[in-house]
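Thanks for asking me to look this one over.

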Amino acid sequence: MSQATLAIRRISGHAGPPPGEDVERDYQVCKLIDTTTCIGCKACEVACLEWNGYSFTDTVFDNSYQTMPSTAWNYWNLIKFNEHEREDGSITLLMRKDQCMHCADPGCLAACPADGAIVQYTNGIVDFQQQNCIGCGYCVSGCPFDIPKFNPATKKMFKCTLCVDRVSEGLEPACIKSCPTGCLHFGSKEDMSYLAETRAKQLRENYGIEKAGVYDPAGVGGTGVIYVLHDVTNPEAYGGLPKDPHIPWVVRFWKGPAKWIGNLAMLGGILGVTLHYLRFGPKQVHEPRDGNGGQL
Amino acid sequence: MSASHVISSERAAGEGGGRILRYTLSERVHHWVAAFTYIYCLITGLAFWSPYMYWLAALVGGGPTARFWHPWFGLAFAVSVLWMYKMWHRDMNITDADRRWSKAMKYYIKNEDEELPPEGRFNYGQKLFFWVMFYGILLLLISGIGLWFVESIPWSLRWLRYLAVTVHVAAALATIGAFIIHVYMGTAMVRGGFTSIIRGEVSTAWAKTHHRLWYDEVTKGRSPETRSPER
């Protein structure tokens with residue numbers, strides 16, 4: 001949050017501690033999505049478009065409530081519907097609001113080659129800076145949730161900003177504001193985790209939903225968007241939420257050891273030919289000077 | 001021996017010794033189209049490779065511009081290499097002479113060329129460079145198209161996205177290694193090589209020393225002095 005920079009740590013000539021010391025809580029922001037109370041109304045989709053200035057795009061009808069198959073560069077928030085068959089054969093409609101998860105360890109940021117095109121604020125929000133984006137699409141390979149999308153007209157990548165422009169002014173994200181059932185919550189990571197665990201416990205103990213739990217995947221260091229799921233053992237059923245998301249090992253290798261190996265190899269090559277020249281020198285052909293037709 | 005001495009001795013050869021056409025105009029043009037497109041891809045590719053080399057993108061107009069042109073220059077490079085393949089692949093077959101030469105390569109490296117068996121128009125090392133670049137660009141082209149249209153690779157086949165990254169990096173590094181050696185040999189190590197790919201000609205002494213079998217072939221039945229330089 002923008003005010004964080006104005007928080008006072010030490011103060012001169014002041015009797016006692018700085019005013020407000022230790023009253024601030026965790027500044028890691030978090031969105032909590034309780035899928036058990038989502039009714040799939042899509043108000044969050046509309047609010048997202050409205051706040052971010054995009055118009056409604058063509059929908060794709062596939063015999064379900066699904067607006068379109070996946071998020072788009074100008075459609076950052078999408079409820080994924082899944083008609084899920086329970087073990088006893090009955091049908092339930094699983095609905096999950098899909099958007100950027102704002103990973104603590106963001107794969108998009110790890111993969112990005114452009115200076116300053118992706119930032120992670122101290123409050124945990126992962127944000128694309130389109131003025132620095134070169135549109136290479138590496139973030140598409142880095143993201144374990146298939147979130148970054150390419151705008152072919154501007155050749156820039158886009159995704160949910162967690163309404164950083166609202167949050168930095170002390171407002172909650174637009175989707176949260178619009179939710180009619182209160183299945184969306186926004187606050188500090190600590191508070192949202194507590195709320196989520198409490199709700200999951202309630203579902204388990206009071207409603208007999210034994211597998212209810214919180215989705216806050218450790219593989220990406222936890223996320224800035226967490227879910228309460230009826231069945232936390234099967235997140236894939238919620239429109240393909242990965243069970244154990246992590247930055248692809250290829251991306252880790254490419255951005256880690258491969259850099260060293262490659263750079264050392266290139267440097268070794270340049271060093272090698274230089275040393276060769278210093279040791280052996282050029283290959284000279286002794287040209288005849290007597291005009292006898294190139295006899296050596 | 002200083003560089004100026006080399007030039008003057010070549011001039012002397014131009015007056016006294018014969019000159020032989022080594023590369024036709026068409027071959028030279030193709031070589032330089034490939035060279036310029038490759039170097040563009042190299043500069044921009046290195047910019048995307050490491051944050052410490054991102055400044056290279058500024059040389060060609062900044063990150064977004066570099067990203068826009070990189071695949072197009074890559075395509076142009078691929079076309080020029082395929083063209084070279086059409087032009088040279090017969091000359092690039094590995095022959096028995098190459099196998100003999102490859103066993104004696106250490107003498108070439110140590111500049112003890114008198115110990116080397118005779119070679120044809122291209123020696124084993126040049127052929128190796130050609131094939132590294134040829135297969136390198138095939139891999140770069142296929143993986144590059146994957147990276148270019150990465151969103152078109154469905155999420156269910158996302159291993160292809162990761163494969164494209166891996167192959168593109170590995171193939172690029174292999175061609176960079178070959179490129180470093182090629183540029184070193186063509187400019188600094190093998191004197192006369194650089195002028196031959198610019199003006200097309202070498203001296204008969206050069207041809208005899210480096211490519212004896214080719215020299216014998218092109219001068220068969222004619223005396224080298226009477227062979228007029230072609231361009």
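The points that follow cover conventions, a strand, a helix, the chain contact, one glycine and some backbone angles.

1. Conventions. This is a predicted model, in which local features need pLDDT of at least 70, side-chain atom pairs count only at pLDDT 80 or more, and totals for chains, interfaces and linings use all residues. Residues are numbered from 1 along each chain as its sequence is written, while chains are lettered from A and ligands numbered from 1 in the order in which they are written. Helices (H or I, at least four residues) and strands (E, at least two) are DSSP runs, numbered from the N terminus.

2. Strand β1 of chain A. In this strand, residues 29-34, six of six residues are buried (20 or more other C-beta atoms within 10 Å of a residue's own; exposed means 12 or fewer, partly exposed is in between, and C-beta atoms are placed from the backbone). In a regular strand the side chains alternate between the two faces of the sheet. Here both faces are covered, with V29(A), K31(A) and I33(A) buried on one side and C30(A), L32(A) and D34(A) buried on the other.

3. Its neighbours. Two strands count as paired if DSSP finds at least two bridges between them. β1(A) pairs with β8(A), residues 184-188, through five bridges in the antiparallel sense, and there V29(A) has S188(A) as its bridge partner. With β10(A), residues 225-229, β1(A) runs parallel over four bridges; in that strand, Y227(A) is the bridge partner of I33(A).

4. Helix α6 of chain A. Spanning residues 189-206, this helix has 18 residues and reaches 25 Å from first C-alpha to last, close to the expected 26 Å (1.5 Å times one less than the number of residues). Which of its residues are buried? They are K189(A), M192(A), A196(A), A200(A) and L203(A). These cover an arc of only 70 degrees around the axis, so they sit on the same side of α6(A) (the arc is that of the directions from the helix axis to the C-beta atoms). T198(A), E205(A) and N206(A) are exposed on the other side. The buried residues pack against β1, β8, β9 (213-215) and β10 of chain A, where contact means C-beta atoms, placed from the backbone, within 7 Å. Just after the helix, G208(A) takes a positive phi of about 70 degrees.

5. The contact between the chains. Chain A gives 40 residues and chain B gives 49. On the chain A side, the elements giving two or more residues are α3 (138-142), α7 (249-255) and α8 (257-280), and α8(A) provides the largest share, eleven residues. By class, that side has 20 nonpolar, twelve polar and eight charged residues (Ala, Val, Leu, Ile, Met, Phe, Trp, Tyr, Cys and Pro are nonpolar, Asp, Glu, Lys and Arg charged, and the others, Gly among them, polar).

6. G63 of chain B. This glycine is found in helix α4(B), residues 63-88. Is G63(B) buried or exposed? With 23 C-beta neighbours inside 10 Å, G63(B) counts as buried. Leaving out residues up to four places away in sequence, G63(B) touches A114(A), I134(A) and A57(B).

7. Two backbone angles to look at. Most residues other than glycine have a negative phi. K155(A), however, has a positive phi of about 55 degrees; K155(A) is in the loop between β6 (149-151) and β7 (156-158) of chain A and is partly exposed, with 16 other C-beta atoms within 10 Å. N111(B) has a positive phi near 60 degrees. N111(B) lies in the loop between α6 (105-109) and α7 (124-148) of chain B and is partly exposed, with 15 other C-beta atoms within 10 Å.

Technical notes:
Contact = placed C-beta atoms within 7 Å.
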